[in-house]
Amino acid sequence: MDHIEDNEQFAGLSVSKGIEKPPMVNPYAIRRPKRRQYTVHEYVEGILKGDISILSQAVTLVESTNADHYAVAQEVIEKCLPYSGNAIRIGITGVPGAGKSTFIEALGTYLVGKGNKLAVLAIDPSSERSKGSILGDKTRMEELSASKQAFIRPSPSSGSLGGVARKTRETSILCEAAGFNMVFIETVGVGQSETAAHSMVDFFLLLQLTGAGDELQGIKRGIMEMADAIVINKAEGNNIDKAKLAQRQLKNALHLFPPHESGWEPQVLTCSAFHKTGMEEIWKMVEEYMAFTKANGSFGAKRKKQNKYWMYESINEQLKNNFYNNPVISGKLADFEQRVLRDEISSFSAAQKLLDEYFKAKG
């Protein structure tokens, strides 16, 4: 008797037995085999053969915060370094809504069509609250992401610009070793990320909009000074005249800035990424820049300067990580934070005391 209601004294009442409790895990689900871990030699061999699957896994190692993953990633990068350095590195930035993804797809499709292999490393904005990231560049670049000659890798910024910039540079080394002769680095927007991107590319392109009426406003002077070219997007339909006006204004504005160390005079061009017009002219300009800077030696000098910059950036990043991961510091950090909030100690004094504790623990 499963239920008391089935007793004869409760004639007329009955309760159905129901069904058995279903299993917690779907028995029909396909159990995927656990992805095997490659050795450093296997990673390097796969990357040099151009295996996209192994390249993707190596990039995941680079992006990982796991200390063991970091150690393996650094070994892989070091062994791939001699095979890198042969790609053209281009940084692409612009105000939100300027059409960076559409532009990258248009220019990327044009380059892939000419037989090039292109890697697009897009630093995607992360939420400061949830630290979540949409990572939507692959969905915005449908045509380019379908090409076997293209590799698109969005990376969440996660609030740590220095860490992401270093990882982006390391990822570009792996992509170059894998045979990609073009590397695009798309930045979050107009801000500090541009300085980081500028320090890892050969050519820095600022994408600008037309029709705002005040094209020069909202563009930081520092970004304008860094740009090797400004491209005015969405020069189509009724916007063509406005684009030409913006082009004249920006050309005049560029004359007010100090000349580039390379001697290159930044150019201002127009295009329509949506209609894929102007791509040939833009790429011709990039080729002229590459030829000009290689001829006068500034191309090689710039790359050496960048390598030096990233050595110091890596030192800063590792010192910072080491400080915060130190058990002595992590145990006292919350206490000092509360004392600062209660105005018992100044921010600067708290920082100095914590640093003193850190060096005492290390020494």
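How many salt bridges does the structure hold?

Modeller: This is a predicted model, and the structure holds seven salt bridges. Let's take three of them, including the one between E63 and R153, whose side chains meet at 3.2 Å, N to O. E63 sits in helix α2 (residues 52-63) and R153 in strand β3 (residues 150-156), so this bridge ties together parts that are 90 residues apart in sequence. E63 counts as partly exposed, because its relative accessibility is 22%. R153 comes in at 15%, so that one counts as buried.

Next up is K276 with E143, where the closest N and O atoms are 3.5 Å apart. Here the pair links distant parts of the chain, 133 residues apart: K276 is in the loop between β7 (267-270) and α11 (279-295), while E143 is in helix α6 (residues 142-145). K276 is partly exposed at 38% relative accessible area, and E143 is partly exposed too, at 45%.

Then there's K332 and E357, with their closest N and O atoms 3.1 Å apart. K332 belongs to helix α13 and E357 to helix α14, so the bridge ties together parts 25 residues apart in sequence. K332 counts as partly exposed, at 31% relative accessibility.

Technical notes: Residues numbered from 1 in each chain as written. Predicted model: local features only at pLDDT ≥ 70, side-chain atom pairs only at ≥ 80, totals over all residues. Heavy atoms only, no water. Salt bridge = Lys/Arg side-chain N within 4 Å of Asp/Glu carboxyl O. Helix = DSSP H or I, 4+ residues; strand = E, 2+ residues; numbered from the N terminus. Buried < 20%, exposed > 50% of the residue type's maximum accessible area, 1.4 Å probe, protein only.
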